[in-house]
Amino acid sequence: MVHSAAARPRTLTAPDGTVFRDLNGNGVMEPYENPCLPVAERVTDLLGRMTLEEKAGLLFHTMIAINSDGSLVEPEPGAPDDDPMRASTTTMVTGKLMSHFNLFGAAAPRRMAEWNNRLQDLAATTRLGIPVTISTDPRHGFVDNPAASAHTEGFSLWPEPPGLAAIDDEELVRRHADIVRREYLAVGIRVALHPMADLATEPRWARVMGTFGSDAHVAARMIGAYIRGLQGETLGPSSVAAMTKHFPGAGPQLNGDDAHFPYGREQVYPGGNFDYHLIPFEAAFAAGTSQIMPYYAMPVGTPYEEVGFGFNKGVITGLLREKYGFDGIVCTDWGLVTDAQIFGAPFPARAWGVEHLDRLTRVERILDAGADQLGGEAAPELVVELVRSGRVTAERIDVSVARLLREKFLLGLFDDPYVDPDAAEQICGSDEFAAAGLAAQSRSITIVKDRPSGSSAPLLPLAAGLRIHVQGVDREIAGRYATVVDSPAEADVALIRIATPYDQRTEGFESFFRAGRLAFTDEELRSLLEIAAAVPTVFDIFLDRPAVIPEIARRAAALVADYGASDAALLDVLFGRTRAEGRLPFELARSMDAVAAGREDVPNDSGDPLFPYGHGLDVEPHTP
């Protein structure tokens, strides 16, 4: 189904000369349609007009898919409608009366902009014409994980957050987030399901790549700068709202297992370091973050109830609302209520600590805890039943609906939710933005070692024109810097790009999470070390988690780390065209035993690291 511009509300002029969008189609400027009134008055007016069903729809924020041609997803008649990533857009918007959606998948920027406009046209056909708010996980990095980030062609490409922390430049982070804001705005995305204010205190955790490293104070500065880049000093029509996550800090996962899965439901604090993980969130509050997402996990061994943070009244109401005075939107992480099938595998609801409760009671617990929205759920009928049965009051629902409407008004969605596809095509991935991302990729690279064994001279920067053997590098790109040869025996130097090892998990959703071991097996090391023995070898390792690499460090002629960098960004550094500025945003432990002995909530806790937090060497680029 493709909705045309004819579905858009008429723009009329009131007797006092005010131009307004006639959202309910009655030809009269109602207070909620009046762009000149204070937001509080518009919220109060609209709230008074809404039915319980319309209010309930507002409390759900689920996934929505996009077709590659920018059309709305509408399954064939009779197709199952229980997969939210293939669900009928019309059913969710005009049937369930939902108006907050997390965009799953991607299309070219022009097509994304066209899709936004079609979706807003569809929303305009509802009784009150409440516009849709579109959100997204990060789209500007190298990692593509349906649960965490979506690498998107057509947007500028940047290092992942640990790389930004490695540079430790607040103004760069603010500028990066401002570019993210401008590209999101161009296609209609108005809520960022980021930044992550979590800390990389547990090296095995699969979500380390979303953090700004292990140091709370560095992360706090990065978080504050990032939110200011997205939102500006105050939330307004040119802002993208930040949903900072995962309160109160998702890093200290027991044994590094992720709370998306039952075996990772426990969050532990053997070092008594609960408050340390709040420091980045305090910076988020100071920067004015519009939204907060609690994590899935349940705290163990703390004064708080041992239930998932989304159900945890002591954490959401007591800590977040009362201690910190946060009055913005609280949206749960995705899928706390309903069991699902994702990528062909069972995916139970993340109702940790309350698994025994039915769906209705889980929703009741979430609302009682103080959350405003249920992420990844599409069941407004449960809220309707709770209110009509007297288990939840209408006044409680109105508190959350008012918060959600307020943000839509502040973002300007009621006055103009549409975007220009031509502008989206020009803005997203522009030469200026692409160059800024490439420069940041190079700057973030960390020179970990630069001295071949037995040599007194550094290897870097490499000389132009030498013969190079590459693995994990595009030969054509490498050929712009040196003569590429087929074997180590022919080469002056070898360049090998590798990534932090991990344990391959089972099927479905779980297979996207790189977790478990951080060390290479003997079999994996064998061929790498044979090359290093045959020719001076530069190893570049993608540190999506803090790898354990003593053997590689010992045999490498040079060792560098990246956190998301293209071949060109890396080669610019290695051949002295650009300066690498990165410093390790977390320590690299000497062994897996040291990792296992570390306390999950304490940063850089391996005792005797191979490379400490903040380590990095300077290499002077070639003089032009």
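Q: Does Arg475 count as buried or partly exposed, and at what relative accessibility?
A: Buried means under 20% relative accessible area, exposed over 50%, and partly exposed in between (1.4 Å probe, protein chains only). Arg475 counts as partly exposed, its relative accessibility being 41%. This is a predicted model, in which local features need pLDDT of at least 70, side-chain atom pairs count only at pLDDT 80 or more, and totals for chains, interfaces and linings use all residues. Residues are numbered from 1 along each chain as its sequence is written, and side-chain values use heavy atoms, with hydrogens and water left out. For Arg475 the answer is thus partly exposed, at 41%.

Q: Which residue forms a salt bridge with Arg475?
A: A salt bridge is a side-chain nitrogen of Lys or Arg within 4 Å of a carboxyl oxygen of Asp or Glu. For Arg475, the closest N and O atoms of the pair are 3.0 Å apart. The partner counts as exposed, at 56% relative accessibility, and is Asp486.

Q: How many residues apart in sequence are the parts that Arg475 and Asp486 tie together?
A: Helices (H or I, at least four residues) and strands (E, at least two) are DSSP runs, numbered from the N terminus. Arg475 lies in helix 15 (residues 475–478), and Asp486 in the loop between strand 17 (483–484) and strand 18 (493–499). The pair therefore ties together parts whose separation in sequence is eleven residues.

Q: How far apart are the closest N and O atoms of Asp372 and Arg321?
A: Both Asp372 and Arg321 are buried. They form a salt bridge, with the closest N and O atoms at a separation of 2.8 Å.
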